[in-house]
Amino acid sequence: MAKKGNPGESRTRSSISVFVVLGLCCFFYILGAWQRSGFGKGDSIAIEVTKQTDCGILSNLNFETHNGDEAGTIGNQFEPCDAQYIDYTPCQDQDRAMTFPRENMNYRERHCPPEEEKLRCLIPAPKGYATPFPWPKSRDYVPFANAPYKNLTVEKAVQNWIQYEGNVFRFPGGGTQFPHGADAYIDELASVIPMENGMVRTALDTGCGVASWGAYLFKKNVIAMSFAPRDSHVAQVQFALERGVPAVIGVLGTIKLPYPSGAFDMAHCSRCLIPWGANDGMYMMEVDRVLRPGGYWVLSGPPISWSINYRAWQRPKEDLQEEQRKIEVIARLLCWEKKYEKGEIAIWRKRVNYDSCSEQDLHVPFCQATNVNDVWYKQMEACITPYPKTTEPDDVAGGEWKPFSERLNAIPFRISSGSIPGVSVETFQEDDRLWKKHVKAYKRTNKILDSGRYRNIMDMNAGLGSFAAALESPKLWVMNVMPTIAEKDTLGVIFERGLIGIYHDWCEAFSSYPRTYDLIHANGVFSLYKNSCSAEDILLEMDRILRPEGAVIFRDQIDVLMKVKKIVGGMRWNTKLVDHEDGPLVSEKILFAVKQYWVVGENNSTTSQ
C-alpha cells in the first residue's frame, strides 16, 4: 500500500518547482534577449530551447493563485429575450419613437430607454440564421433568414434595389438613380471627382437605402459611411451591414451628426428625401461642417434639372424650381463651387480655404462654438463652421490632401500642427508601431483574424486608429468608435488617415441592428467606463451587435478582465485569457472570446466554459 506523503513536504516541493520554472523562464528570457541583440552565438539553439520551455505554466499558476476566488466562478445567467426582440434597436425603438414630435424628423433620432426599461437579456438570432457570405459575394447576396423582410422587394421592385430568390436576397446593384447600375453611376461621378488616384477616400452617404452606392465604391478604394433612419423600410441599414458595407441608423434631424468637422472627402445624396432648402439651409450647413475643405457634395434626383424631369417625378414644376433655387442660394452662401450638372446629377466643391471665397457675404452667420467637434446630442444650427486658419492664400485649410494609402501612415495635419494637446509626431509614430506589434500577437491566437472571416470589425476605443491601420485590407473594414468620455478626441485624425469612425457613448446602445459585427475590439473600454456605467450593460450591448460565432478581443488590466470574464461566463461566450506579448509580468492581459451559435426558441444553457 502506498504511503501518503507529508503535506509539508508537498508544499516544499511545489515551491521548489515554482522557483525552478521561474529561474528557467528568466534565464531563457535573458538568453533570448542576448542572442537577438546580435552579440551572442548559438541563436538557433536558444530559440529551440525557448520553444520547449513553457513559461505559460508560471503565468497560469500565478494567475490562478492570485485570482482563484473569481477564476472558476460564473456570474449571472442571462436568459434569451422574447422572440419579438430579434431585431431590437434600443435607441431607435419604433414604439418609443412614435411618442416624439415628427417635426424635423425628431422622432427618428436617438431616443434611448431609461435605466428601468433596459433589457437585460440576450437578443436571439432568427431561426435558420447563417454566417454571411464572404466578401465580395456578400455584396450581392444575403441569406433570407438573417433579415427576413420582403417589404423592399415589393416597394422597390421597379427600382432594382433588391430581389428575393429562393433562400437569399439578391442585390443587383441598381437603385432609383442608378438605372444602368451603380458602377456606371459611380464612373460618371469619378469623371469629376478624383477617386481613381486615391485623393478621395472617405465618403458620407445620407439616406443610403440598402447602401449599393457604398458597396460599389469599394471598387474605387473609397470607403463610405452610410446612414438611413429606421422607418417604414424596416431593414435598409440591416441589409447594408449584412452585405458587408459600413452603415449606421441615423437621420438629419435636429441634432448634429456624430462625426468631427472636416472629416469626409465627399458627401452624397441620391433621392435621399432630405429637404435641403428648409430651415434656412441648416442641413446643407451640417454637410458643410463634416466636409473637408476642398471636399465634394453630390446631389442626384429631385430637384436637379427640374425643367426636364418634373413630369417623370409627377411634381409641380413651380415647387421643384423653388426647391432648386433655395439649394443654389445656400450653396453660394457656403461658397461652394458648382463643378457639374448633367441629367439628374449636380456636384459642388467646397473651397479649400476662407481666403478663396471672395464672393461670400460678410454677414454670413458663422458658428460661435469654441469646440467644433463637440457634437454629441448637440442641437444642429443654421450657421457656418469656420475654416481652420491658414497663413498663405494657396494653403489648404486643414492640410494638403494626400492619396490613399499614403495617408494611412503619413503624419496627420492635426498632429503635425499641434492641434491635439498631448499628441506629438513621436506619440503618433510610437502608437502606430505598438499596434502593429499588438495585432501581430493577436494573429498568433486568432489565426483567422485577417483571412476574410471577419468583414465588419469594430474598435470600441479607437484612439489614433492604429489598430485599424494595422489591419487595413480589402477583405475588411473597421468602424472606429471614439468614446465621448475619451480624454483626447482624435476622431479627426482617424479620418485624415483615410479610415472612418463615429462618436458614441458606450453607456447607451449603438445605432445598429443586432448581429451586425463579426469582430469587436475593446481596448481599455471597461477601465474607461468603470465609474460611468455598468460593465454588464456594455457587455449585453456588445452581445447584441455581435454575430453568432463572432469574436471579441478585450485588452485591459487583469482585475478588470477577471470581472468581464465572470460576466460573459453567463452569456454563451467561450473565453481564453492570454498574457501580454511582452510576457506574464505585464499587468495588462488579453481576453479572447467567441459568441456561441444559438437561435430563437433553443433552450441552451447560457453557461460557457
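Predicted model: local features only at pLDDT ≥ 70, side-chain atom pairs only at ≥ 80, totals over all residues.

Residues are numbered from 1 along each chain as its sequence is written, and side-chain values use heavy atoms, with hydrogens and water left out.

**Exercise 1. A strand and its partner**

Find out how many residues of strand β13 (residues 500-504) are buried, and which strand is joined to β13.

*Solution.* Start with the terms: helices (H or I, at least four residues) and strands (E, at least two) are DSSP runs, numbered from the N terminus. Buried means under 20% relative accessible area, exposed means over 50%, and partly exposed lies in between (1.4 Å probe, protein chains only).

Step 1: five of the five residues of β13 are buried, so the strand is largely enclosed by the rest of the structure.

Step 2: look at the directions. In a regular strand the side chains alternate between the two faces of the sheet. Here I500, I502 and H504 point one way from β13, G501 and Y503 point the other way, and all are buried.

Step 3: look for the partner. Two strands pair if DSSP finds at least two bridges between them; β12 (residues 477-483) and β13 run parallel and are joined by five bridges. In this pairing, M482 stands opposite Y503.

Step 4: β12, helix α17 (residues 491-496) and β13 form a right-handed β-α-β unit; right-handed means that, with the strands pointing away from the viewer, the path from the first strand over the helix to the second runs clockwise.

**Exercise 2. Disulfides**

How many disulfides are there, and what is the handedness of the link between C91 and C112?

*Solution.* A disulfide is counted when a pair of cysteine sulfur atoms lies within 2.5 Å.

Step 1: this rule gives six disulfides.

Step 2: among them is the one joining C91 to C112, with S to S 2.0 Å. The torsion about its S-S bond is about 110 degrees, so this disulfide is right-handed.

Step 3: C91 is in the loop between α3 (56-71) and α4 (94-97), and C112 is in the loop between α4 and α5 (137-140), so the pair ties together parts that are 21 residues apart in sequence. C91 is buried at 1% relative accessibility, whereas C112 is partly exposed at 24%.

Step 4: compare with C269 and C272, whose sulfur atoms are 2.0 Å apart. Their link is left-handed, with -95 degrees about the S-S bond, and both cysteines are buried.

**Exercise 3. The surroundings of D432**

Is D432 buried or exposed, and which residues does D432 contact?

*Solution.* Step 1: D432 belongs to helix α15 (residues 425-445).

Step 1: its relative accessibility is 10%, so D432 counts as buried.

Step 2: leaving aside neighbours within four places in sequence, D432 is in contact (heavy atoms within 4.5 Å) with N409, S466, A469 and R497.

**Exercise 4. Charges over rings**

Which ring lies under the charged end of R292?

*Solution.* Step 1: a charge sits over a ring if NZ of Lys or CZ of Arg is within 6 Å of the ring centre and within 35 degrees of the ring normal.

Step 1: the charged end of R292 sits over the ring of W401, 4.5 Å from its centre.

Step 2: R572 likewise lies over the face of W598, at 3.9 Å from the ring centre.
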